[in-house]
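The sequence and structure come first.

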Amino acid sequence: MLRWLALFAWSSMLVFAAPEEPVPTVEDMIPASVKALAAPELKDFQGGLKMAVTTGSEEAQAHVVVGLNQLHGGWEFEASRHFAVALRLDPNCLLAHWGMAIALLAPSLETGKQRDASMDRLLWLVEQGAGNEIERGYVYGLVQYYKAGPAAATDAFRKLSEKFPNDLQSSVFTALFGRGGYNALDAPTPEQENSEKLLEELLAKHPDSSLLINALLTVRADAPDLSASLPLARRLCELTPDYPPYFLLLGHYEWRSGHSREAATAFSRASELFEAWMNASKSTVMDCPGWVASQCYRCVCLASRGDFDKASNLAGKLASEKVPMERAASPGGRLLLWEGKTLPARLLMARGNKGDAALALAALPSPAELSAFREKSQAYWFADGLRLYLETARLIDDQNYPEATKVLEAITHHGERMMRVQESSSVGGERSFWNRSFRALESGACELRGRLALAGPKSGYGSAYSWFRSATDRQARSTQILPPAIFSPMARRLAEYHLAIEKPADAAAAYREALVAFPNDLACLKGLESALEKAGDTAGVEATKKQIEAMSADR
């Protein structure tokens with residue numbers, strides 16, 4: 001690890017003599033899960049990245065290029081398999097080392113040692129003068145990321161792209177590290193606009209580049225409205241029709257654009273392709289988080305369309321997938337623990353029929369099941385929070401409001417305790433899961449307080465509106481190519497509030513807000529139809545009926 005000290009000196013162009021220490025071997029860099037599999041086959045990416053690699057081995061060159069394309073496709077594990085082949089063929093190939101370091105960039109308890117070894121050996125190769133100027137520029141960009149964060153990396157890759165304007169990869173990394181997302185008003189930040197503009201300009205010059213199309217779609221994936229980019233997502237899958245990450249991305253764009261049938265089809269195709277890959281490579285779900293994500297999202301699409309039984313059966317099979325203790329920190333294992341194991345319960349939560357809260361409680365994994373993984377994952381925090389949420393919902397359904405109030409206070413204490421492990425979740429690479437789960441539980445707690453207020457005297461109805469509004473504002477839309485953590489829009493509760501105070505037109509507006517977050521959700525459409533009937537909006541009723549009939553015909 002002492003070689004990491006040289007990282008900061010080199011990035012500042014200083015002379016630094018690090019103490020001598022053993023240089024990690026190539027085998028030290030390769031994760032055990034990669035070593036367990038045979039070498040992967042080479043694949044051609046239509047419109048993918050093509051570049052020369054500093055190596056004396058043509059085979060190493062081919063595997064590095066495929067690995068880079070896998071990296072840009074978001075399939076880090078498959079990328080690492082190709083880089084491992086190249087590393088063994090040419091232990092001095094700088095770009096193979098850089099690729100492995102990027103593939104292992106996300107913190108993980110399972111691959112932390114390999115991540116450190118990759119960076120140590122990468123920097124040692126730089127000290128030896130390995131690689132050409134562009135390749136060393138890539139290393140410098142990664143160094144800047146570790147040293148000062150995404151903004152510094154963005155600046156490094158931008159300068160590299162200006163020096164080598166024909167190098168697409170440096171421009172893509174400029175956009176990826178530089179994206180700033182969207183603010184509280186759902187407007188793109190200046191950094192986000194710059195990233196999108198850069199990729200759009202490059203795509204205008206290279207319209208059939210799957211590399212650039214995927215980069216732009218990835219950068220835009222969290223935008224409030226994805227419908228304008230949907231044709232591009234479909235085009236991507238036409239260019240590379242057998243690549244599962246692209247179908248997972250397409251499904252996300254279809255669902256967010258209101259095409260639940262097409263989304264379910266895309267997720268089904270992604271699942272099939274991931275399964276075929278697992279069978280061919282003799283890999284497992286532990287190393288295929290894309291399959292877990294596809295199945296989770298597919299369940300949400302089916303339930304949203306009203307096909308609850310099919311969604312529930314699929315969710316049950318996913319939840320039954322075993323996670324070996326030694327693989328709990330793997331990408332697939334983490335996704336199963338955080339998302340898959342609670343999927344059946346969250347589907348019942350979303351349906352919300354009488355008695356569903358009790359059924360959802362029974363569907364949750366037992367406290368002991370997830371607590372057994374405490375050393376490897378913090379997923380039990382989410383499951384325990386859901387348990388408290390569902391117990392409160394069950395008590396409200398039973399009109400046992402005093403007990404419901406007591407359990408609701410326990411949710412508050414649970415949130416306070418969960419806050420204390422926020423930083424430690426980053427160490428194991430689970431920070432994004434923690435953020436997503438905490439926000440979902442926070443939204444759910446607001447919803448429950450609103451339900452209790454609405455169940456009380458009319459003098460307290462105003463507070464019910466405030467709680468439901470808070471729940472709606474806190475609910476995050478589907479991001480990170482995953483469905484929302486809570487599968488029904490909180491704006492439905494706002495609609496119920498407006499109906500309770502006999503304001504059906506306002507209820508219709510709330511249902512429309514819900515349909516922005518969950519496009520073409522069947523339950524929301526039926527609620528909208530009912531609210532419009534009460535409001536006397538005949539034209540609105542007819543238009544909504546047609547939407548419902550169209551969805552029913554597609555099932």
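## Phe267

Phe267 has a relative accessibility of 0% and counts as buried, where buried means under 20% relative accessible area, exposed over 50% and partly exposed in between, with a 1.4 Å probe and protein chains only. Phe267 sits in helix H15 (residues 260-281); helices (H or I, at least four residues) and strands (E, at least two) are DSSP runs, numbered from the N terminus. Leaving out residues up to four places away in sequence, Phe267 touches Leu248, Gly251, His252, Ser294, Tyr297, Arg298 and Cys301, a contact being heavy atoms within 4.5 Å. Between Phe267 and Leu123 there are 144 residues of sequence separation and a C-alpha to C-alpha distance of 40 Å.

## Basis of the model

The model is predicted: local features need pLDDT of at least 70 and side-chain atom pairs count only at pLDDT 80 or more, while totals for chains, interfaces and linings use all residues. Residues are numbered from 1 along each chain as its sequence is written, and side-chain values use heavy atoms, with hydrogens and water left out.

## Overall fold

The protein has 30 helices and zero strands. Its radius of gyration is 25 Å, close to the 24 Å that the globule rule gives for 555 residues, so the protein is as compact as a globular protein of that length. The radius is taken over C-alpha atoms, and the rule is 2.2 Å times the number of residues to the power 0.38. The C-alpha trace spans about 75 × 50 × 45 Å along its principal axes.

Of the 555 residues in the protein, 56% are buried. Among contacts with a separation of 6 or more, 63% are between residues 24 or more positions apart.

## Charges and salt bridges

The protein carries 60 positive and 67 negative charges, whose mean positions are 3 Å apart. Lys and Arg count as positive and Asp and Glu as negative, while His and the chain ends are not counted. Each charge is placed at NZ of Lys, CZ of Arg, CG of Asp or CD of Glu.

There are 33 salt bridges in the structure, a salt bridge being a side-chain nitrogen of Lys or Arg within 4 Å of a carboxyl oxygen of Asp or Glu. One of them joins Glu133 and Lys163, with the closest N and O atoms 2.2 Å apart. Glu133 lies in helix H8 (residues 133-148) and Lys163 in helix H9 (residues 150-163), so this pair ties together parts that are 30 residues apart in sequence. Glu133 is partly exposed at a relative accessible area of 45%, and Lys163 is exposed at 53%.

Glu200 and Arg220 also meet through their side chains in a salt bridge (2.1 Å, N to O). This pair links distant parts of the chain, with Glu200 in helix H11 (residues 190-205) and Arg220 in helix H12 (residues 210-220), 20 residues apart. Glu200 is partly exposed at 37% relative accessible area, whereas Arg220 is buried at 15%.

Arg235 is partly exposed at 29% relative accessibility, and Glu238 is exposed at 56%. A network of salt bridges links Asp155, Arg158, Lys159 and Glu162.

## Gln114

Gln114 belongs to helix H7 (residues 112-127) and counts as buried, at 16% relative accessibility. Setting aside neighbours within four places in sequence, Gln114 is in contact with Asp28, Met29, Ile30, Pro31, Ala32 and Leu104.

## Positive phi in loops

Most residues other than glycine have a negative phi. Asp186 has a positive phi near 65° without being a glycine. Asp186 is in the loop between helix H10 (168-178) and H11, and is partly exposed at 34% relative accessibility.

Asn520, also not a glycine, has a positive phi of about 60°. Asn520 occupies the loop between helix H28 (504-517) and helix H29 (522-535). At 23% relative accessibility, Asn520 is partly exposed.
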